[in-house]
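Visitor: I would like to go through this protein with you. Could we start with the overall picture and then turn to single residues?

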Amino acid sequence: MTSTLRYVPATGIDDYFPSHATSYEAQSVGLRISNGLDGTSKVQTPALEELTDTFLDCREEGWDGYGAMPVEDASYLRAQAFLSRLLLRFPAPTASTTPHGSLTLEWISNPRRRMMVSVGCDEQIAYAAVYGDQTVQGVTSFFQDIPQEISDHLSRLYFMRR
């Protein structure tokens, strides 16, 4: 009997499942892959650790004492993927949660220059930015690449002074 590991597309931390006819070694490899997907075996930056802590604090319904929706695993995984890509180009944000169960990332250049992005379990992400007296807001989709408008707004926040 050969040891195989098959890939099953899914939207959770269990994207890799060992087949039913696998050896202990193949199961061990599958477990290591799964652990890598949920961040337990990856090197964590402080920003990713903060996101993880925020998620873990808000997984239960009513986490705020007022009936807030729980943050779903899918929302955390999407926010983690989004943040991991952004950290390659921009400063780290702070993480928080909305009562509707979304994770929010906030970048603050100064009190009058800031941007917030809200990531839920679907592909839609909402954003809002303040540049002095000007505000912008919108909704865009995040699949694998950071949406251009998010990159543009963060560039404006940190690299342009208009």
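Guide: The conversation below moves from the whole chain to its elements and then to individual residues.

Visitor: What are we looking at, and what is the mean pLDDT?

Guide: This is a predicted model. Its mean pLDDT is 80, and 72% of the residues reach 70 or more.

Visitor: Where does pLDDT stay under 50?

Guide: That is the case over residues 1-41, for which the model has 44 contacts beyond four places in sequence. Where pLDDT is low, predicted coordinates should not be read in detail.

Visitor: How many helices and strands are there, and in what order do they run?

Guide: The protein has 4 helices and 7 strands. From the N terminus, the order is β-β-α-α-α-β-β-β-β-β-α. Of the 162 residues, 37% are buried. Among contacts with a separation of 6 or more, 45% link residues 24 or more positions apart.

Visitor: Let us take the strands. In which sense do S4 and S5 pair?

Guide: They pair in the antiparallel sense, over 7 bridges, and form a hairpin with 2 residues between the strands. S5 also pairs with S6 in the antiparallel sense, over 7 bridges; that hairpin runs through 4 residues.

Visitor: Which residues of S5 lie on the covered face, and which on the uncovered one?

Guide: Arg 113, Met 115, Val 117 and Val 119 form the covered face, while Arg 114, Met 116 and Ser 118 form the uncovered one. In a regular strand, side chains alternate between the two faces of the sheet.

Visitor: Now helix H4. How far does it reach from its first C-alpha to its last?

Guide: H4 spans residues 148-159, 12 residues in total, and reaches 15 Å, close to the 16 Å expected at 1.5 Å a residue.

Visitor: Which of its residues are buried, and what covers them?

Guide: The buried residues of H4 are Ile 150, Ser 151, His 153, Leu 154, Ser 155, Arg 156 and Leu 157. Their cover includes helix H3 and the strands S4, S5, S6 and S7.

Visitor: Turning to Thr 140, where is its place, and is it buried or exposed?

Guide: Thr 140 lies in strand S7, residues 134-141. Thr 140 counts as buried because its relative accessible area is 9%, under the 20% cut-off.

Visitor: What does its side chain make a polar contact with?

Guide: The side chain of Thr 140 makes that contact with the side chain of Glu 149, at 2.7 Å. Beyond four places in sequence, Thr 140 also touches other residues, including Glu 123, Tyr 127 and Ile 150.

Visitor: And Glu 123, where is that?

Guide: Glu 123 is in the loop between S5 and S6, and is partly exposed at 34% relative accessibility. Its C-alpha is 6.2 Å from that of Phe 143, although the two residues are 20 apart in sequence. Beyond its neighbours within four places, Glu 123 is in contact with Arg 78, Thr 140, Ser 141, Phe 142 and Phe 143.

Visitor: One last topic: how many disulfides are there?

Guide: The count comes to 0 disulfides. Cys 58 is buried, at 7% relative accessible area, whereas Cys 121 is partly exposed, at 41%.

Terms used. Residues are numbered from 1 along each chain as its sequence is written. Side-chain values use heavy atoms; hydrogens and water are left out. Buried means under 20% relative accessible area, exposed over 50%, partly exposed in between (1.4 Å probe, protein chains only). A polar contact is a pair of N or O atoms within 3.5 Å; within protein, one must be able to donate a hydrogen and the other to accept it, and residues adjacent in sequence count only if both atoms are side-chain atoms. Contact means heavy atoms within 4.5 Å. A disulfide is a pair of cysteine sulfur atoms within 2.5 Å. The expected span of a helix is 1.5 Å times one less than its number of residues. Two strands pair if DSSP finds at least two bridges between them. pLDDT is the predictor's confidence in each residue, from 0 to 100.
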